[in-house]
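The following note sets out several points on the sheet, a helix and the aromatic contacts. Please read it alongside the sequence and the model.

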Amino acid sequence: MNIKEQLCKLKIESKKFYNRCCLWYSNADKENVIKVALPILIVVVGTYACSLSHNEAKKNVDEIFNIANSIRAHYVGKADYWGLSTSSIVKDNILDKKYILNNKIFVNNREIFIGSGLDANIVMPQSQTFDIILKGLNKSQCIAYAEVKIDNERLISVSKISIVNETGQHSFEWGGKNSLPIKNYASKDFCIDTDNTLIWSMN
């Protein structure tokens, strides 16, 4: 093999080695990028989802208090909330039609129930409170709804806020062990992964 052939072979081998090195570094870089970027992506996505959950909760809780005001206005002058239920509200046209769909009550695509207790039973005679019930919340939604900041004017119209799930009913009320207003992170130990219900008991 002459010198020219040797140089050509050396050039070819050098090119192969260079290509292998580039491929190795490229793969290493991808792995490093994934290792660094994945935790950041998880944090960003989690923060975004949490933000959306809190924004939805704030908006819907505002609507829930607007609904409560409409119910109170309808019952002004009456001794109690006897007979109040989801069906009576729909039948008597107590609420703005934007909340009503197929004889059900919704706040921004979330169905709510109104009455007494978890099952939204008809409110009985002499009852001075009624409940607004929101079901089917996951843990982050449960915490977000429970811990929405409510201004004092609205808060004084609440007798208690309850979280209900398979572990039982956990209520926050004035002067109770778990007191109103609900502080940050106070609800996280009561909300479970799925199927939480929030109940606002209104005066």
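1. Buried denotes under 20% relative accessible area, exposed over 50%, and partly exposed anything in between (1.4 Å probe, protein chains only). The model is a predicted one, in which local features need pLDDT of at least 70 and side-chain atom pairs count only at pLDDT 80 or more, while totals for chains, interfaces and linings use all residues. Residues are numbered from 1 along each chain as its sequence is written, and side-chain values use heavy atoms, with hydrogens and water left out.

2. Helices (H or I, at least four residues) and strands (E, at least two) are DSSP runs numbered from the N terminus, and two strands pair if DSSP finds at least two bridges between them. Seven strands form an open sheet with antiparallel pairing, in the order β1-β2-β3-β4-β7-β5-β6. Strands β1 (100-101) and β6 (168-173) stand at its edges with a single partner strand each, so one side of each has no neighbour in the sheet.

3. Strand β7 (residues 196-202) pairs with β4 (residues 130-137) in the antiparallel sense over six bridges, and Leu137 stands opposite Asn196. Strand β5 (residues 158-165) likewise pairs with β7 in the antiparallel sense over six bridges; Ser162 has Ile199 as its bridge partner, and Val158 has Met202.

4. How many residues of strand β7 are buried? Seven of its seven residues are. On one side these are Asn196, Leu198, Trp200 and Met202, and on the other Thr197, Ile199 and Ser201.

5. Helix α3 (residues 139-146) is also mostly covered, with six of its eight residues buried. These are Gln141, Cys142, Ile143, Ala144, Tyr145 and Ala146.

6. Rings of Phe, Tyr and Trp (its six-membered ring) pair if their centres lie within 6.5 Å; planes under 30 degrees apart count as stacked, over 60 as edge-to-face and the rest as tilted. The count by this rule is three aromatic pairs. Tyr75 and Tyr81 form a tilted pair, 5.2 Å centre to centre with 55° between the planes. Tyr75 counts as buried at 10% relative accessibility, and Tyr81 counts as buried at 10%. Tyr75, Tyr81 and Phe130 form one aromatic cluster.

7. Phe172 and Phe190 form an edge-to-face pair, 5.8 Å centre to centre with 75° between the planes. Phe172 lies in strand β6 and Phe190 in the loop between β6 and β7, so the pair ties together parts 18 residues apart in sequence. Phe172 is buried, with a relative accessible area of 2%, and Phe190 is buried at 18%.
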